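Here is a walk through one protein model, from its overall make-up to a few single residues. Keep the structure open while you read.

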Amino acid sequence: MSDAHGTPDHRTPATPPPARTLRLFGTTWVDHSRGYAARRLGVAVGSLAAAAAACFVLRFAYQGLQIAAVGGFVSLLVVVMFAVCSALAFGHTWGSFSTRPDPARQSSLRGLLSIGFVGSLLAYFFRSLTEAPGEKLHRAEYEQAREEYDRRVTRRSGNPSRKRRRRDA
């Protein structure tokens, strides 16, 4: 917490930090009610359908290269480029489900992630089979915030007016 000038607020909040909601799920990682399983299934089916549609579009692009007769080397380069970018995008997206990515690295990889969007969609599909994408990250951040809250609360226990004063010798 901070004020309008960015100065941190060192007062102890009265309540522990709330659990953040998961994007696209309308609930928190703590509360798996109100259609959580159906939403997770919807994300899995939607991401797999989007990946299949993207592969279908990429197939048309590849056929366009064959019709243009650009040669086998260029066609191979395009296929390898999409495969490598998709693999890197999959790895980056999968890793971002458990740790917050560095913003500078994220902006430098924006083009690569755009080309490898099929890999990102597949990462969403596979993660949604076990849990909501980003649920593990929210859980870890909440536990860390809860530990910090507990440390602040226990450290400030006791009445400071009853504190014994040390005599200077």
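Begin with confidence. Among the elements of the protein, helix 6 (residues 135-155) has the lowest mean pLDDT, 72, and helix 2 (residues 72-96) has the highest, 88. The pLDDT is the predictor's confidence in each residue, from 0 to 100. Across the protein the average is 76, and 70% of the residues score at least 70. This is a predicted model, in which local features need pLDDT of at least 70 and side-chain atom pairs count only at pLDDT 80 or more, while totals for chains, interfaces and linings use all residues. Residues are numbered from 1 along each chain as its sequence is written, and side-chain values use heavy atoms, with hydrogens and water left out.

Now the fold. The secondary structure comes to 6 helices and 0 strands. Along the sequence the pattern reads α-α-α-α-α-α. Helices (H or I, at least four residues) and strands (E, at least two) are DSSP runs, numbered from the N terminus. Of the 169 residues, 21% count as buried. Buried means under 20% relative accessible area, exposed means over 50%, and partly exposed lies in between (1.4 Å probe, protein chains only). Of the contacts with a separation of 6 or more, 72% link residues 24 or more positions apart. Contact means heavy atoms within 4.5 Å.

Next, the packing of the helices. Two packed helices are described by the angle between their axes and the distance between the axes. The axes are lines fitted to C-alpha atoms, for helices over the stretch in contact, and angles run from 0 to 180 degrees between N-to-C directions.

Take helix 1 and helix 5. The axes of helix 1 (residues 36-68) and helix 5 (residues 117-130) come within 8 Å and cross at roughly 155 degrees. That makes helix 1 roughly antiparallel to helix 5. The cut-offs are under 35 degrees for roughly parallel, over 145 for roughly antiparallel, 65 to 115 for roughly perpendicular, and oblique for the rest. The crossing of helix 1 and helix 5 is left-handed. A crossing is left-handed if the near helix is turned anticlockwise from the far one by less than a right angle, and right-handed if clockwise. On the helix 1 side, the contact includes Val43, Ser47, Ala51, Ala54 and Leu58. On the helix 5 side, the residues include Phe117, Val118, Leu121, Phe125 and Ser128. By class, the contact of helix 1 with helix 5 divides into 15 nonpolar, 3 polar and 1 charged. Here Ala, Val, Leu, Ile, Met, Phe, Trp, Tyr, Cys and Pro count as nonpolar, Asp, Glu, Lys and Arg as charged, and the others, Gly among them, as polar.

Zoom in on alanine 54, which lies in helix 1. Is alanine 54 buried or exposed? Alanine 54 is buried, with a relative accessible area of 8%. Not counting residues up to four places away in sequence, alanine 54 touches Phe117 and Val118. The C-alpha atoms of alanine 54 and phenylalanine 117 are 8.4 Å apart, across 63 residues of chain.

Helix 1 also packs on helix 2. Their axes come within 10 Å and cross at roughly 160 degrees. That makes helix 1 roughly antiparallel to helix 2. Helix 1 passes helix 2 in a right-handed crossing. Leu58, Tyr62 and Leu65 in helix 1 meet Ser75, Val78, Val79 and Phe82 in helix 2. These residues divide into 6 nonpolar, 1 polar and no charged.

Between helix 1 and helix 2 runs a loop that holds alanine 69. Alanine 69 has a positive phi of about 55 degrees, although it is not a glycine. At 63% relative accessibility, alanine 69 counts as exposed.

Follow helix 2 to helix 5. The two pack at an angle of about 40 degrees, with their axes 7 Å apart. Helix 2 and helix 5 are therefore oblique to each other. Helix 2 passes helix 5 in a right-handed crossing. From helix 2, Ser86, Ala89, Phe90, Thr93 and Trp94 take part. Their partners in helix 5 include Val118, Leu122, Tyr124 and Arg127. By class, the contact of helix 2 with helix 5 has 8 nonpolar, 4 polar and 1 charged residues.

Histidine 92 also lies in helix 2. Histidine 92 is buried, at 12% relative accessible area. Leaving aside neighbours within four places in sequence, histidine 92 is in contact with Pro101, Arg105, Gln106, Leu109 and Leu113.

End in helix 6, with alanine 140. At 40% relative accessibility, alanine 140 counts as partly exposed. Its C-alpha atom is separated by 8.3 Å from that of serine 98, 42 residues apart along the chain.
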